[in-house]
Amino acid sequence: MSLDVSEDLLSKAEAGEVTDAEFLDCVKQSLPFAWDLFAKVADDLKNGVVSSTGSTQFADNTVPPPDEQARGQLLRALASDSMRAALERHHGVKFAFQNCHRIAAFPASEVDSDAYRRFTSPRGQLLNQSPELKDC
């Protein structure tokens with residue numbers, strides 16, 4: 001199960017729509033490692049922190065999660081269209097990812113940029129591989 005959904009939130013969802021704030025609070029409480037990592041990468045972008053490639057067009061994370069529980073949280077957030085979209089709206093960025101821990105935040109205006117296309121390309125994916133990531 002991806003999220004720990006309270007009975008109140010489940011009842012509200014069964015009755016109709018829930019707000020982004022309610023959904024994001026559920027994500028934050030259920031996936032704290034992923035929440036913090038998305039926030040860090042988005043903050044790095046907003047604060048002009050240089051990416052692992054030396055680019056200022058995006059910010060990224062290259063540190064593997066500390067354990068399998070954290071890795072699972074990150075993968076669940078990245079694999080869910082609704083979670084990733086809500087996190088993108090919340091942080092005002094576009095998130096992209098290449099493996100179990102390399103996520104990047106791009107300004108929405110950069111989604112069609114060369115840097116974004118390089119990061120999300122098959123070549124970018126292949127160049128980001130290493131034997132250590134085999135079981136990622």
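Student: In what order do the 3 strands of the open sheet stand?

Tutor: Happy to start there, and keep in mind that this is a predicted model. The pairing in the sheet is antiparallel. β1 (59-60) and β2 (93-97) stand at the edges with a single partner strand each, so one side of each has no neighbour in the sheet. The order is therefore β1-β3-β2.

Student: Which residue stands opposite A59?

Tutor: Let's look at the pairing of β1 with strand β3 (residues 103-107). These two run in the antiparallel sense and are joined over 2 bridges. Within β3, the residue facing A59 is A105.

Student: Are helices α2 and α5 roughly parallel or roughly perpendicular to each other?

Tutor: Good one! Helix α2 (residues 20-30) packs against helix α5 (residues 81-91) at an angle of about 110°, and their axes are 10 Å apart. Angles of 65 to 115 degrees count as roughly perpendicular. The two helices, α2 and α5, are therefore roughly perpendicular.

Student: How many nonpolar residues does the contact of α2 with α5 have?

Tutor: From α2, the contact uses D20, F23, L24 and V27. From α5 come S82, M83, A86, L87, R89 and H90. Sorted by class, 2 are polar and 2 are charged, while the number of nonpolar residues is 6.

Student: Which element of the protein chain has the highest mean pLDDT?

Tutor: For the protein chain the mean pLDDT is 87, and 89% of the residues reach 70 or more. Among the elements, helix α7 (residues 122-127) has the lowest mean, 68. The highest mean, 97, belongs to helix α3 (residues 32-46).

Conventions:
Residues numbered from 1 in each chain as written. Predicted model: local features only at pLDDT ≥ 70, side-chain atom pairs only at ≥ 80, totals over all residues. Heavy atoms only, no water. Pairing = 2+ DSSP bridges. Helix = DSSP H or I, 4+ residues; strand = E, 2+ residues; numbered from the N terminus. Axes fitted to C-alpha atoms, helices over the stretch in contact; angles between N-to-C directions. Parallel < 35°, antiparallel > 145°, perpendicular 65-115°, else oblique. Contact = heavy atoms within 4.5 Å. Nonpolar A, V, L, I, M, F, W, Y, C, P; charged D, E, K, R; others polar. pLDDT = per-residue confidence, 0-100.
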